[in-house]
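Okay, thanks for coming, everyone. Let me put the structure up and talk through the packing.

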Amino acid sequence: MPTSYLSRAQESHSFQTGAKVMVFGGSLSGKSHDGYENLPRPLLVVDADTSADAFTDEARFDAFRRLGLQHVPTADALLEFLEEFVSAPEEGSAKYRGLMIDSLTFYLDQKKRELKIDMSREAQQAARDHQPGQADYARYARRFNELIRRVSDHGVVVYVVDEARTVFEGKNIVTTDERKRSSMGESKFTHPFDIILQKVSRERVIVHKSRYGKWQKGQKIETYRAARDLKPILDGREKKRRGLEDFDPATKAHDELMDLIRTLGSKSRGGVIEREDMERFFGAAQNNALSASDVREIINEIKRKFGDPTASPTSQVA
C-alpha cells in the first residue's frame, strides 16, 4: 500500500524554514568552531576540511555525525548527498536539525579544475564568464543553490563554511583583510543565503548580507561572539525582517530586486516608489516562477524610474 500523503500533514506549529548561513574568512578565524559550538542538534557535518577531530571533545561540544571525504569525495557527490538528504527524509531532513558543509571551497576548487576554469591571478583580474566551462559551472551552482533551499525548506539549519580569497586591484594585491572575498564569488552561490558573514578574526566580523533585523549590510562587529550573536538565529529565536519572512529567492536577480526596492523604499514610508508600483515589484521579487531575465527587466525599469542607489553620483548624472 502506498504511503499516505495525509499521514504526513504537519501541525502549524511544527513547520519552519531553517536559516541558511554562509561564513567565510581566513584560517584560525573560528568559522568551523562557531558551527560546531552553536548549530542545533542532531547535526550532520560534511567534513571536506577534515577538521572534525578537533571538535569531538563532548565536554565542550555536543555530539554530531560526520561524513568525511571518503564518503563525499567530489563536487558531484556533494550534490548527490544533498539530493538524498531531502528525498529520503527519514534518514536526512527529518532526522537532523543542522547541516554543516566544511568547507565548500574544497568542492568548488575541485569543480573548477575539472572544468578547466582558470583560477590564476590574471583570470581574477579579468571577467571570467566567457571561459570554457563557465556554463557548466553556472549549472552546478544553480543545482547546489536549489538543493540548499530545499534542505532549508525542510526546517534544517544550513551552515556553509568558505575560505577567503585574495582580492586584486590591477596587479596589486589588496592586503587589507576586510577586502578579501569569498571563494564562492559574488554572484553564483550567494543568493540562497539569509546571512553572509566574513570573519576577519575570531571576534571581528563584517556582515555582507542579513535578512534579520539585528544586522545591516556592511556592519562591522568588533566584539563578535557566535554563542551570543548567531545562536539565537540558528535556534529560530530571532525572526527575519518584515516582508522577508518567506523570501527564498530562486535566482540572484530576485535577491537583487528585493534589495533594490527595500533600499529605495515606498513613498508611504518615506521612500520614492509609489505604493501600487511597490506592490507589483514586491510580488515579482517573491515570484520564483519568473525567469532571471524577466526580473532583470524589472530591475532596469526601477533604476530608470527611480534611480540606482548603488551608482556613483557621476554615473547617475551621466
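So, helix 1: its buried residues are Lys31, Ser32, His33, Asp34, Gly35, Tyr36 and Asn38. That makes helix 1, residues 31-38, mostly covered, with seven of its eight residues buried. Buried here is under 20% relative accessible area, with a 1.4 Å probe and protein chains only; helices are DSSP runs of H or I, at least four residues, and strands are E runs of at least two, numbered from the N terminus.

Quick caveats: this is a predicted model, with local features needing pLDDT of at least 70 and side-chain atom pairs counting only at pLDDT 80 or more, while totals for chains, interfaces and linings use all residues. Numbering runs from 1 along each chain as its sequence is written, and side-chain values use heavy atoms, leaving out hydrogens and water.

Last stop, helices 8 and 9. Helix 8 (252-264) and helix 9 (275-285) pack at about 150°, axes 8 Å apart, the axes being lines fitted to C-alpha atoms over the stretch in contact, with angles from 0 to 180 degrees between N-to-C directions. Helix 8 and helix 9 are therefore roughly antiparallel, the term for angles over 145 degrees. Contact, meaning heavy atoms within 4.5 Å, involves His254 and Leu257 of helix 8 and Phe281 of helix 9, among others.

Conventions
Buried means under 20% relative accessible area, exposed over 50%, partly exposed in between (1.4 Å probe, protein chains only). Angles under 35 degrees count as roughly parallel, over 145 as roughly antiparallel, 65 to 115 as roughly perpendicular and the rest as oblique.
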